[in-house]
Amino acid sequence: MFHKHFFPAGTGSLFNVLNQQTRLFSRDPFPSKVSHYLYRARVIDSIRLALRSNSQSLLTTLLNDRLLDSFVVTHALRSAPSADSALSVIDILKSNANFSHTQSTIYALANILARSGRRQELDALVDAINARTFKNVRVSHMNLMQWYAATGDLDSVLDTWDNYRGLDRHVCTESYNIVMRLYAEKGEDSRAVEIFHRMIGEGANPNSRTYTNIIEHLVNSGKLAAALEVFSVLPLMRIKRTTKQFSILAEGLVSVQRFDEMKFLLSNMQAEGMLPVRALLCSLQHMKEGGYIHDNDGILSEMLPDERIKSVEYFVDDTEDNDDEAEAHEEDNIACDVNKVNGFKLKPWLDPRALANALQSWSPNDVLELENAKFVWTTRLVCKVLRNFNSPGAAWNFFCWVACQTGFTHDVYTVQRMMTLLARHGHVQLVNQLMDKIRQEGLKLPFSTIKLVIDFCGVSKDPDAALKTFRHDRTLCGSISKFKLMVLYSSLLRTLTKCSRCSDALQVLDEMILNGICPDIQTFSGLMDHFAKQGDIKNVQKIFGMVRQSGIEPDTYMFKVLIHGYCKCDRAALALRVFEDMRNSKLLPDSSTKELLVKSLWKEGRRREAAMVEESCEEINDSLPLALRGHIWTVSSANLTQVYNIYASSFTSSCDPTANGEG
């Protein structure tokens with residue numbers, strides 16, 4: 001089937017093809033990368049219009065242009081109105097001898113076939129890929145799972161997942177997310193809960209999208225209170241709460257007219273430095289109609305479209321590693337005329353990632369083309385472009401340039417986006433300039449921004465900048481709760497250990513406790529793991545003593561950190577003592593921890609002790625968990641167990657018997 005779509009009827013003369021390619025590459029037809037981007041955008045818009053206006057002759061002309069490339073075809077396919085129109089693009093392309101399909105064009109076609117439920121054509125395309133019909137195009141198990149999930153084919157998703165798991169013991173978190181979400185959509189609630197339990201039991205770390213699935217499942221099932229409870233636990237696990245999660249909860253609250261809680265939710269969203277998305281506009285409109293929000297309310301004014309311009313759709317690549325799931329495929333504001341052909345009107349196409357890539361060199365020609373494009377720059381658009389810069393230098397140039405554009409003024413959202421990018425790359429002086437500017441303007445920085453700056457100082461190996469930010473700049477957040485101050489301390493400690501500033505880390509830990517701020521269990525585990533890897537058993541024992549004094553009960557993950565740390569330092573006797581404490585607390589190690597302890601005891605000639613460990617676990621070997629819940633610095637076993645219990649109890653009369661334990 002796909003030979004018909006992808007191969008021309010005749011190959012033509014090799015000489016003619018080479019002659020065309022020689023003319024094509026003899027000169028660069030575009031004076032700058034921005035002009036190339038704008039040309040591509042115009043062609044994509046023309047193809048989008050042609051697909052919707054049945055203008056076959058125009059479409060044929062556009063798709064046979066010698067400058068056509070895979071970027072244009074990919075985005076044209078992604079914005080095609082139907083699978084049939086996408087396949088018509090493929091049919092016409094077979095007559096363009098200069099064009100060759102790439103992985104991005106094939107994946108774009110597969111995605112629209114999957115979304116349209118065209119399973120027969122999708123299977124034919126996958127067979128063609130596997131037959132190596134397309135050079136340099138490969139398909140992974142994750143690709144297949146995503147495509148089959150889009151068609152709603154649960155059986156195919158599960159079969160593919162089984163094959164994936166057969167080849168790789170540790171599969172990615174996203175594969176669990178796909179299965180869990182599909183079970184929830186199919187109304188198989190207990191199965192969805194089971195997949196989450198399986199995820200944490202097998203050692204996969206749930207991510208923001210995992211918790212989005214849980215929250216959406218609960219809200220759609222009328223379990224709004226449980227969804228809000230899960231949402232409230234996420235900061236304890238250092239999980240970034242996304243605008244999609246806020247939007248789902250906001251819609252749920254408005255549907256039951258809990259408007260006061262809705263306003264509190266939106267205030268939290270602002271406090272976390274999130275720019276409101278338009279998915280919330282409908283919910284806010286209901287609140288306004290109910291008299292709960294007035295036109296002069298700041299929350300509502302930020303949600304309303306910019307009055308200077310029309311709302312224009314643009315495409316954001318959904319394969320991007322988003323830190324905010326709700327930003328893809330939304331509307332934004334740019335100054336462009338609406339395209340019109342044969343009575344069809346379409347909002348112009350815009351890709352902030354591609355635009356940022358075109359601006360990486362920041363040449364005079366690029367700047368001139370950008371100015372001539374006459375974009376009206378808004379906070380949302382500037383944030384999206386800044387987010388996609390790879391070079392902090394180019395991002396800073398753009399940040400300074402856009403500040404001078406008519407009608408635009410930087411606000412806390414654009415400043416924090418720039419600040420975190422600079423901190424990630426170690427540009428401390430520029431970060432300090434922005435901090436001073438925020439201070440002069442009397443603005444408040446979101447707590448999350450200060451935390452990110454401290455975290456990124458660990459990435460750029462600049463502990464002094466992290467200390468300065470913690471000591472002097474955290475006041476820009478205004479009043480900080482005791483919990484948030486603990487989180488900042490934890491981030492600072494993690495950065496100091498990353499930068500091998502052990503003595504500073506111990507001083508900060510002492511200061512933290514003297515100020516009445518008790519570290520949480522994952523922070524203690526992170527510190528012990530660090531000092532154990534340094535071979536500093538004395539400080540490991542000192543920190544464990546602090547845990548005992550603070551009244552925190554060690555969980556299985558902390559015991560695991562201690563056993564692994566002692567074994568790596570050839571202190572198996574100490575590891576054995578920890579193992580005995582663990583068993584006395586009626587907690588089970590995972591299989592790998594038990595095996596490491598036995599191996600270390602044998603290595604040190606402690607055969608009797610090794611046999612004792614084996615005997616103590618002999619009766620429960622089959623029930624030892626594959627992995628233990630938790631992660632140093634971020635997630636505790638208790639956090640994961642709490643989320644699981646909330647989720648499971650929402651759909652069953654009682655939780656899984658193992659949920660209250662650590663296995």
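This is a predicted model: local features need pLDDT of at least 70, side-chain atom pairs count only at pLDDT 80 or more; totals for chains, interfaces and linings use all residues.
The secondary structure of the protein consists of 35 helices and four strands. Of the 663 residues in the protein, 53% are buried. Among the contacts with a separation of 6 or more, 70% are made by residues 24 or more positions apart.

In soluble globular proteins, nonpolar side chains tend to be buried together. In the present model, the largest nonpolar core contains 210 residues, and those with the most contacts inside it are Phe196, Trp377, Phe389 and Phe398. The element that gives the most to this core is helix H3 (residues 33–53), with 10 residues. The surroundings of Phe196 can be listed in detail. When residues up to four places away in sequence are not counted, Phe196 touches Met180, Pro206, Thr210, Tyr211, Ile214, Val643, Tyr644 and Tyr647.

Helix H25 (residues 447–459) was examined next. With 13 residues at 1.5 Å a residue, H25 should span 18 Å, and the distance of 19 Å between its end C-alpha atoms agrees with this. The helix is mostly covered, since 10 of its 13 residues are buried. These buried residues are Phe447, Thr449, Ile450, Lys451, Val453, Ile454, Asp455, Phe456, Cys457 and Gly458. Their packing partners are helix H16 (259–271), helix H23 (412–424), helix H24 (428–441), helix H26 (463–473) and helix H27 (482–498). Just after H25, Lys461 adopts a positive phi of about 60°.

Helix H29 (residues 521–533) was treated in a similar way. Its 13 residues, at 1.5 Å a residue, should span 18 Å, and its end C-alpha atoms are 18 Å apart, which agrees. Because 12 of the 13 residues of H29 are buried, this helix is largely enclosed by the rest of the structure. The buried residues include Phe524, Leu527, Met528 and Phe531, and also Gln522, Asp529 and His530. The buried residues of H29 pack against H27, helix H28 (502–514), helix H30 (537–550), helix H31 (556–568) and helix H35 (637–649). H29 is followed by Gly535, which has a positive phi near 75°.

Rolling a probe the size of a water molecule over the atoms shows where empty space is left. A search of the whole structure found three cavities of 30 Å³ or more. The largest cavity holds about 50 Å³ of space. Its lining is formed by Ala423, His427, Val428, Val431, Asn432, Val453, Cys457, Ala465 and Thr469. H24, H25 and H26 are the elements that give two or more residues to this lining. The greatest contribution comes from H24, with three residues. By residue type, the lining of the largest cavity comprises six nonpolar, three polar and no charged residues. Val453 and Cys457 belong to this lining and are also among the buried residues of H25.

Two loop residues were also considered. Arg238 lies in the loop between helix H14 (224–233) and helix H15 (243–255). Its phi is near 60°, a positive value in a residue other than glycine. The relative accessibility of Arg238 is 18%, so this residue counts as buried, the cut-off being under 20%. Gln257 is placed in the loop between H15 and H16. Although Gln257 is not a glycine, its phi is positive, at about 60°. With a relative accessible area of 61%, Gln257 is exposed, the cut-off being over 50%.

Definitions and conventions:
Residues are numbered from 1 along each chain as its sequence is written. Side-chain values use heavy atoms; hydrogens and water are left out. A nonpolar core is a set of buried Ala, Val, Leu, Ile, Met, Phe, Trp, Tyr and Cys residues joined through side-chain atoms within 4.5 Å. Buried means under 20% relative accessible area, exposed over 50%, partly exposed in between (1.4 Å probe, protein chains only). Contact means heavy atoms within 4.5 Å. The expected span of a helix is 1.5 Å times one less than its number of residues. On a 1 Å grid over the protein atoms alone, a cavity is a set of points where a 1.4 Å probe fits but cannot get out, and a pocket is an open set with protein on both sides within 12 Å along at least five of seven lines; lining residues have an atom within 4 Å of a point. Grid points are joined across faces, edges and corners, and a volume is the space filled by probe spheres set on the points. Ala, Val, Leu, Ile, Met, Phe, Trp, Tyr, Cys and Pro count as nonpolar, Asp, Glu, Lys and Arg as charged, and the others, Gly among them, as polar.
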